[in-house]
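Let's take a walk through this fold, starting with the sheet and its helices and ending with a cavity and a salt bridge. Keep the viewer open as you read.

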Amino acid sequence: MRMLKKFNGDIVQWLRGFYHVAASGSFSAAAKLMGINRSAVRHHLHRLEEELNVTLFDRTQEPMQLTSEGMRLLQWTETLFDTVQNMMVDVSRSGTDIQGTVKLFTQQYICLYVLKDIIRRFLNAYPNVSVEIHTGTLGHALRQLESRECDLAISATPSHMEPYEFTKLFSDRHMLLARKGSFAISPKPSREELEKLPFIGFSAGAAQPTTDELFSAMGISPRRILTVDSDLLALEYVKAGIGVAILREKHYRHELGTLDGYPMDTAMPPAEIGLLTLKAA
């Protein structure tokens, strides 16, 4: 029999707290997701850092950023949670009698940064079910739902809720992203700075609200050098140093070593991302 080093029985809860802080970017958001108070989440993180004798977050930055040790622990934590989920599914054999195809519509960045582990767990739980994933904008998702070409979507909140049901999954901040050291930008960019920056914008219908709508509300006219219809395409051009773009925080968190990020909280509220379906007739 394999020998397992004795560890504190609360470590799984500490890891849950760490995971939710890393995913949401704040103690408050993590506490809300876990259904506990903020001080309890801070305690989980403190005990975990104490147990491992490392610092997991750089608290001098706003928002907090994972240290290199924190990024390594996040990878291990995701693997651990996947293993536990797979173990429970394998032992219980739940979902083996459910068959068919689920058609899902979402954005590319959600597929890359959010869905992979969820899809893996789902397929393990329901081995006789297949999943079709289609990507595009919120507008595309609504049209697919209304025509019943897809069963559900994971996307931002639509401006009009009829005829949809929306269940929030997480929030994602908007950030101004630029390749590290490519542009001189203040921690809180002024209107004058924004107007001088070379922006990569989105074509009509590619994002809600659009970059144009955002800047119109701020009363500024940025210098647009490129227009694209994909967030991942915009990200690639930003990484190449061609221009800057306003994208979601999850883009930034997966490119910490490559990009500089500037929160746009005062101009643009966080996007509420959730499960979108048609209301039952």
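Helices (H or I, at least four residues) and strands (E, at least two) are DSSP runs here, numbered from the N terminus. This is a predicted model, so to speak of local features we need pLDDT of at least 70, while side-chain atom pairs count only at pLDDT 80 or more and totals for chains, interfaces and linings use all residues. Residues are numbered from 1 along each chain as its sequence is written, and side-chain values use heavy atoms, with hydrogens and water left out.

Start with the sheet. Five strands make up an open, mixed sheet, in the order β4-β3-β5-β12-β6; two strands pair if DSSP finds at least two bridges between them. At the edges sit β4 (129-135) and β6 (164-172), each pairing on one side only. On average, neighbouring strands are turned by 20° against each other, direction ignored. The axes behind such angles are lines fitted to C-alpha atoms, for helices over the stretch in contact, and angles run from 0 to 180 degrees between N-to-C directions.

Now zoom in on one strand pair. β3 (residues 100-106) and β4 run parallel, joined by seven bridges. Look for T106: its bridge partner in β4 is T135.

Next come the helices. α5 (residues 108-125) lies across β3, β4, β5 (152-156), β6 and β12 (271-278), and runs at about 175° to β4. Contact means heavy atoms within 4.5 Å. α6 (residues 138-146) also packs on the sheet, where it touches β3, β5, β6 and β12, and its direction makes about 15° with that of β12.

What about holes? A search of the whole structure turns up two cavities of 30 Å³ or more. A cavity is a set of points, on a 1 Å grid over the protein atoms alone, where a 1.4 Å probe fits but cannot get out; lining residues have an atom within 4 Å of a point. Points are joined across faces, edges and corners, and the volume is the space filled by probe spheres set on them. The second largest cavity, at about 30 Å³, is lined by A23, S24, S171, D172, E249, K250 and R253. Its largest share, three residues, comes from α10.

Finally, salt bridges (a side-chain nitrogen of Lys or Arg within 4 Å of a carboxyl oxygen of Asp or Glu): the whole structure has 11. In one of them, E272 meets K168, with the closest N and O atoms 2.8 Å apart. E272 is in β12 and K168 in β6, so the pair ties together parts 104 residues apart in sequence.

Key. On a 1 Å grid over the protein atoms alone, a cavity is a set of points where a 1.4 Å probe fits but cannot get out, and a pocket is an open set with protein on both sides within 12 Å along at least five of seven lines; lining residues have an atom within 4 Å of a point.
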